[in-house]
Amino acid sequence: MDAFFEPLGDGRYRSTELTRGPWDPDSQHAGPSTALLGGLLEETLGAPLARLTSEILRPVPITELTVEVEVLRPGRRVQLGQGTVSDDEGPLLLARAWALRTDEFELPEHVRPEPAGLPPPDECETAPFFVDWTGYHDAMEVRFVAGSFLDPGPATAWMRARVPIVEGQEISPLERVIVAADSGNGLSAALDFRQWLFINTDLTVHLHRQPSGEWVCLDTRTVAEPHGVGLATSDISDQQGPLGHGLQTLLVAPR
C-alpha cells in the first residue's frame, strides 16, 4: 500500500487499509477522506483555502468512495466550494471551504503571529501507536514535543504523512495539514482511550497562510463535560511557524 486511496476514475477512489482508524477496524480515520476533499476543493477553486469545515455524517467504511466537488460562490477574490464523500448508501462527509485570492503587501509587525518556539522534528522521538491493526497510524509519523498517546492531557506533536493521499499524486502541503489536523483529539486525549469514546463529529481548519514542508505540528488540548460533549482545539504550525487552528466537536461516552 503506497497511499490512502487508489484512483479509479470518474471521481471514484478505492480506500486502502491505511485509512483505518483507531475506534473501529471497519471504519476510516476521517483525516484521509477530509484531506482528499480539501485537496480537490483547493484544485477546483484555484486559490489557497483559508477555512475548511468537514461534517462527518456517518462512519466512513473502508470501501470504494465517490467524491464530488462544486463551486457554490464564484468570485475574483473570494470563493466558496462544497464537496461530498459518498458510498453506495449516500453521503458520508460534507465539506465547505472558503478560498481567498490575495496580494502580497507589508503589514505592521504587531499583527504578525509570534514564532512558536518549537524544537524541530529531528530533536523529538518517534512515538508508537496503541492499536495492533494496520491503519492510519502506519501511514503517519508522530514525534511528540510534549505528552504522549496514552497520557491524558494536552500534547504537542509533529506529524508527517509517509504516503500520498492518492496513489500516484504528490501530496500537497494543504493535504498534509488536514490529514494531521483530524488527530487533535487523539493526541490530547483527556480520557483513557481504552475506557472512553471521544469521537469527533466534525473538523474545522482555519489557515492564515499557506503551509509548507512535510511536517505539521499540533499543539492541542481537549476539554470534556459530564453531559457528553467535548472540544479539541489545536494550534497548527509548520517549520516556518504558526499557520492556523483546528477545532473538533467531540461526542464523549463510556465504552
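Modeller: The count comes to 13 salt bridges, a salt bridge being a side-chain nitrogen of Lys or Arg within 4 Å of a carboxyl oxygen of Asp or Glu. This is a predicted model, in which local features need pLDDT of at least 70 and side-chain atom pairs count only at pLDDT 80 or more, while totals for chains, interfaces and linings use all residues. Residues are numbered from 1 along each chain as its sequence is written, and side-chain values use heavy atoms, with hydrogens and water left out.

Biologist: What makes Glu-141 and Arg-160 a salt bridge?

Modeller: Their side chains meet at 2.5 Å, N to O, and the rule asks for a distance within 4 Å. Glu-141 lies in strand 8 (residues 140-146) and Arg-160 in strand 9 (residues 155-161), so the pair ties together parts that are 19 residues apart in sequence. Strands (E, at least two residues) are DSSP runs, numbered from the N terminus.

Biologist: Why is Glu-141 called buried?

Modeller: Its relative accessible area is 6%; buried means under 20%, exposed over 50% and partly exposed in between (1.4 Å probe, protein chains only). Glu-141 is therefore buried.

Biologist: How do you know whether Asp-238 and Arg-209 are buried or partly exposed?

Modeller: Asp-238 has 4% relative accessibility and therefore counts as buried, whereas Arg-209, at 25%, is partly exposed. The side chains of these two residues meet in a salt bridge at 2.5 Å, N to O.

Notes:
Helices (H or I, at least four residues) and strands (E, at least two) are DSSP runs, numbered from the N terminus.
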